[in-house]
Structures are given as C-alpha cells and as structure tokens.
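Biologist: Please take me through some labels and the cut-offs behind them.
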Amino acid sequence: EFVNKAASNRAQDINTCIGCNQACLDHSFKLKIASCLVNPRACHETQLNYEPVKAKKKIAVVGAGPAGLAASTVAAERGHSVDLFDAASEIGGQFNMAKQIPGKEEFYETLRYFTHKLTATGVNLRLNTPITAETLIAGGYDEILLATGVTPRRVSIPGLDEQRQAGKVLSYIDVLARKVEVGKRVALIGAGGIGFDVAEFLVHEGHSPTLDLKEWMKEWGVGDPAKVRGGVVRPQPTPPAREVFLLQRKKGKPGAGLGKTTGWIHRASLQAKKVQTRSGVNYESIDERGLLISYGEKREKPELIEVDHIVICAGQEPLRALHQPLLAAGANVHLIGGADKAAELDAKRAIDQGSRLAARL
C-alpha cells in the first residue's frame with residue numbers, strides 16, 4: 001500500500017513511522033507479536049479489520065487526542081456518521097506537547113496524517129467546542145466515545161500550594177503547553193516518561209540537535225568512517241541550557257520503565273547534559289528557596305535543592321467528568337485512551353484501543 005499510494009501521487013495517505021520502537025522492536029524483544037504504534041493493524045491484519053458497516057450509526061467522539069483521532073477516523077471509514085469534539089483549537093491532545101521534545105519531531109507527521117484522514121473519511125470535526133453531557137444526550141447519538149484524556153495528578157507537599165501561587169511550582173503543562181518561562185535551576189518531581197521528556201526539553205532550551213545533522217553527530221560522537229575507525233569519535237555535547245535535578249520516590253534507576261530500545265538513549269542524553277538524578281527520595285517541603293528532600297523510610301540525609309522552579313511531572317489521572325452523567329441518562333458510552341486508564345499512558349495503547357473499539361461498533 002505504501003508503494004501504491006506513492007505511485008498514484010497519494011503520499012498524504014501514508015501514515016509515517018515516528019521511530020518510537022514501542023510496538024515493533026520493544027515487542028519483539030519481549031517475545032510479543034510485533035505491531036506499530038501508529039498502525040495497530042500491522043501484524044494483526046487477520047484479526048483487526050475495518051469492515052463496512054451494515055447499519056449506519058450516529059457517533060460522538062469527545063477528545064481529539066490519539067485515541068479519539070483513531071476511533072473517529074476508523075468509525076467514519078467504516079461508514080458511520082461521526083462528530084468529533086474538542087475544546088482545544090487544534091487536534092492532537094498530548095501529542096502537541098510530545099512533539100516539542102527534541103527527538104520527537106516525527107509526531108508532527110502523525111498529526112499531519114490524522115488531519116488528512118479526518119477530511120478523507122468525512123469526520124465532522126468541531127474544534128474550540130467544549131461539550132456538555134446535556135448537549136451530547138440531546139444530540140441523539142447511538143454511541144458516545146469519551147477520549148477526554150488526562151489531568152496532571154495532584155501531589156501533596158507542604159508549601160506546594162503557596163509556592164504554586166507564587167509562581168515557583170509549575171506543572172509539565174505549564175512548561176510544554178503554556179510556555180511559562182523557566183529559570184536556570186530546575187527540580188522535576190517524577191522521573192517517568194513525562195519527567196524525562198521535560199528534562200530533555202529544558203536542557204536543550206527547546207532546540208533540537210536532531211534537526212541538525214552536523215550538531216547531532218557532534219553530540220553523539222559519530223564521525224566519518226572513511227576518516228575515523230568505526231566512525232566513532234569523542235562526543236562533544238553542547239552545554240545544558242539549565243541545571244536540572246530529576247527526582248523520583250521509588251528506588252532504582254530513573255527511567256527503568258522506558259522502552260527497551262530507546263530508554264538508554266534518553267538516559268545517555270540526559271547524562272551528557274549533566275542532569276542530576278535522585279531516587280528513593282521523600283519530598284519534605286517546598287519554600288522560596290527550593291525543595292527539601294530526605295531519603296529512605298527513616299527520612300535521613302535531608303537535602304535542600306535550591307532551584308528557581310519546581311515542575312510537577314508525577315503522572316496523570318483520567319479526565320472523565322462526562323462519564324457518570326451520560327451513564328445516568330442511559331447513553332451507550334465508552335471510555336478510551338487516558339480517560340479509561342491514565343497510568344503509564346502511551347499513544348500505542350490509546351490508538352490501539354480507539355481503533356479496536358471503532359472496528360466493532
């Protein structure tokens with residue numbers, strides 16, 4: 001199909017690989033069936049098919065993130081009438097933050113593909129449209145899919161609320177979406193995927209060496225194999241834009257849950273930028289100086305990390321305020337993506353879940 005699309009001048013129909021390795025190489029190393037994050041039908045072509053519908057339904061999808069985009073386009077491709085609502089001014093949901101991380105520029109391609117797919121399948125896209133349960137119920141929809149995403153998890157630390165009001169404590173959304181200016185010394189609370197992404201963003205000041213081949217080769221120590229044995233030279237990373245502390249409550253190596261084939265890249269990149277990590281910490285308090293931490297169950301070795309800003313990257317919670325009112329009204333409602341399960345949220349599960357649901361409606 002790739003070749004057919006290219007040959008018939010339909011390059012816009014090609015769903016571009018984003019180089020994530022999450023469903024292909026990471027699956028194969030775990031002895032799982034390989035697939036593709038942006039195309040869950042890959043290697044599942046005998047199980048997951050988008051057959052034309054026998055009875056056309058009127059479907060509402062709320063949320064134009066990865067799960068909502070996949071569900072709405074598959075449902076419309078099969079012949080359903082689909083309205084896709086989002087309060088934001090553009091599609092993408094959390095992809096719009098992820099695409100800003102140095103090295104994740106391919107995410108723009110996924111949004112490019114879905115933008116075309118929405119038009120090609122006839123989805124009625126309604127941006128800048130906050131939606132209520134009452135409006136959905138009045139719409140007479142046969143099925144309502146809630147892909148409303150996530151909200152940052154609240155953490156409780158003495159002094160946090162006061163320093164948030166003072167502008168010292170930020171969320172990852174403040175940094176990546178709202179473009180709040182961040183100081184030169186920063187502590188990140190949470191060392192999962194979001195913490196690593198925010199750290200990458202901050203040490204590069206949003207500038208991506210991935211987009212500059214010469215700079216990228218210099219950063220990673222890649223030389224010309226015709227001139228240097230093995231093409232390996234000493235890495236010369238540029239100085240970090242900020243001094244960053246990456247903290248987590250649990251013991252063990254930060255980033256242990258990252259992808260097997262890409263996690264080492266993120267860890268090596270942050271190490272080259274001199275990001276300081278702390279594991280097994282207790283968050284004691286926050287004040288105008290910074291963050292006070294201790295270690296272990298006995299809360300030993302108190303350490304004050306003096307910083308300009310503290311960014312909360314401590315996970316997410318499902319955003320599903322519409323769910324109960326719709327259930328109470330007797331609507332056929334489905335939760336997909338982060339609205340269904342926020343823990344360890346990733347686009348692979350969101351796109352797969354949205355596509356599979358739409359394939360069986």
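Predicted model: local features only at pLDDT ≥ 70, side-chain atom pairs only at ≥ 80, totals over all residues.

Modeller: Residues are numbered from 1 along each chain as its sequence is written, and side-chain values use heavy atoms, with hydrogens and water left out.

Biologist: Why is His80 called buried?

Modeller: Buried means under 20% relative accessible area, exposed over 50%, partly exposed in between (1.4 Å probe, protein chains only). His80 has 5% relative accessibility, so it counts as buried.

Biologist: What makes Phe85 and Tyr141 an edge-to-face pair?

Modeller: Rings of Phe, Tyr and Trp (its six-membered ring) pair if their centres lie within 6.5 Å; planes under 30 degrees apart count as stacked, over 60 as edge-to-face and the rest as tilted. The ring centres of Phe85 and Tyr141 are 6.5 Å apart and the planes stand at 90 degrees, so the pair is edge-to-face.

Biologist: Why do Phe85 and Tyr141 count as buried?

Modeller: Phe85 has 4% relative accessibility, so it is buried. Tyr141 has a relative accessible area of 15%, so it is buried too.

Biologist: How do you know that a charge sits over the ring of Tyr141?

Modeller: The rule asks for NZ of Lys or CZ of Arg within 6 Å of the ring centre and within 35 degrees of the ring normal. The charged end of Lys58 sits over the Tyr141 ring, 4.9 Å from its centre.

Biologist: Why is Trp264 called partly exposed?

Modeller: Its relative accessibility is 48%, so Trp264 counts as partly exposed.
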